[in-house]
Amino acid sequence: MKQTEPLRIGDRDYQSRLFLGTGKFGSYPLMRQAVVASGTELVTVALRRVHLHEGQDDVIEHLQLPGVHLLPNTSGVRTAKEAVLAAQLARESLQTNWLKLEIHPDPRYLLPDPIETVLATQQLAKEGFFVMAYVNADPVLCKRLEEAGAAAVMPLGAPIGSNQGLQTRAMLEIIIEQSGVPVVVDAGIGAPSHAAEAMEMGADAVLVNTAIAVAGDPVAMAEAFRLATHSGRMAFEARMGSVNKQAAASSPLTAFLVNE
Amino acid sequence: MIRIILNDDEITLDQGDTVDALLQQLSMDHPERIAIAVNDSVVRRSDWSSYRLNDNDRVLMIAPVQGG
């Protein structure tokens with residue numbers, strides 16, 4: 001397959017523009033196979049309190065693959081203060097400065113809190129984190145996050161896990177046009193065609209989890225997303241033709257059967 | 001004896017016990033992935049052997065899990 005331009009975020013270049021969440025997979029081996037099939041170089045993990053009465057099975061062992069980096073998230077925090085502590089713990093646990101910052105206090109729609117997200121980004125950027133901030137598809141907010149020191153913005157296509165696709169398309173277009181940092185469309189991407197659509201629009205990457213993890217065959221779906229993401233990026237780099245109201249002939253319209 | 005709150009559990013330790021002693025008491029698996037905060041401040045791994053816990057300390061112990 002033709003290579004596309006590498007994506008630089010923070011101090012790292014990514015050849016794959018598909019980032020993968022590791023939640024909801026039925027088993028660790030299935031998760032690992034899907035990660036491999038997706039071709040991803042960046043996978044998210046969450047952090048949870050250790051339950052003392054349960055055995056610990058280490059998810060990280062199953063994600064140790066060549067070229068695959070970890071992106072801890074702050075899922076479960078409700079405020080900037082909690083997010084900063086979660087980030088510091090993530091750095092200690094996984095020895096990485098990379099962070100997916102997500103602060104969503106509302107359990108029904110899991111929509112991110114913009115004010116807390118900006119406050120946390122300011123603090124964490126000062127502490128040397130590469131903050132990838134999960135936010136609603138708000139172009140003004142994305143610029144504010146950029147100013148606050150975010151390494152990338154991650155606007156949502158639709159609520160987390162909803163598989164609704166790019167419901168926020170019009171706002172994503174503005175974000176992509178204006179952003180000085182990479183734009184990773186996160187959340188809501190439910191089908192490979194949604195990933196391709198985001199990439200064709202010029203998104204720098206997509207982050208997918210539920211659509212792959214809950215598919216009938218997650219490994220095959222991971223491959224489908226790999227192809228769609230790559231295909232969408234290739235199309236973007238190849239510069240698509242414009243959309244026109246009127247027809248524009250693809251074949252010569254000169255006289256053929258009838259001499260006029 | 002001192003009592004600490006570890007996540008949601010109350011734990012009894014000896015006076016002067018360190019974070020390392022707490023982990024040994026719990027026979028924790030995969031300690032290399034664990035991160036610990038005491039009273040909302042991270043205690044670096046390199047300090048586990050010297051950091052002494054006090055009565056009523058709130059210890060937060062986290063580990064990575066699957067997630068998006």
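Biologist: Which residues are buried in H8(A)?

Modeller: Bear in mind that this is a predicted model. An α-helix has 3.6 residues a turn, so residues three or four places apart point the same way. In H8(A) the buried residues include Pro218(A), Met221(A), Ala222(A), Phe225(A), Arg226(A), Thr229(A), His230(A), Arg233(A) and Phe236(A). The buried residues of H8(A) pack against strand E3 (18-21), helix H1 (28-38), helix H6 (192-201), strand E10 (205-208) and helix H7 (210-213) of chain A.

Biologist: What should the 21 residues of helix H8 of chain A span?

Modeller: At 1.5 Å a residue, helix H8 (residues 218-238) of chain A should span 30 Å, and its end C-alpha atoms are 30 Å apart, which agrees. After H8(A) comes Arg239(A), with a positive phi near 60°.

Biologist: How many residues does the contact take from chain A and from chain B?

Modeller: The size of an interface is often given as the accessible area lost when the parts come together. Counted here by residues instead, the contact takes 28 from chain A and 22 from chain B. On the side of chain A that touches chain B, strand E4 (42-49) and helix H2 (80-94) are the elements that give two or more residues, and the residues of that side divide into 14 nonpolar, ten polar and four charged.

Biologist: In which sense do E4(A) and strand E5 of chain B pair?

Modeller: E4(A) pairs with strand E5 (residues 58-66) of chain B in the antiparallel sense, over five bridges, and Ala46(A) stands opposite Val65(B) in E5(B).

Note on methods: Residues are numbered from 1 along each chain as its sequence is written. Chains are lettered from A and ligands numbered from 1 in the order in which they are written. This is a predicted model: local features need pLDDT of at least 70, side-chain atom pairs count only at pLDDT 80 or more; totals for chains, interfaces and linings use all residues. Helices (H or I, at least four residues) and strands (E, at least two) are DSSP runs, numbered from the N terminus. The expected span of a helix is 1.5 Å times one less than its number of residues. A residue is buried if 20 or more other C-beta atoms lie within 10 Å of its own, exposed if 12 or fewer, and partly exposed in between; C-beta atoms are placed from the backbone. Two residues are in contact if their C-beta atoms, placed from the backbone, lie within 7 Å. Ala, Val, Leu, Ile, Met, Phe, Trp, Tyr, Cys and Pro count as nonpolar, Asp, Glu, Lys and Arg as charged, and the others, Gly among them, as polar. Two strands pair if DSSP finds at least two bridges between them.
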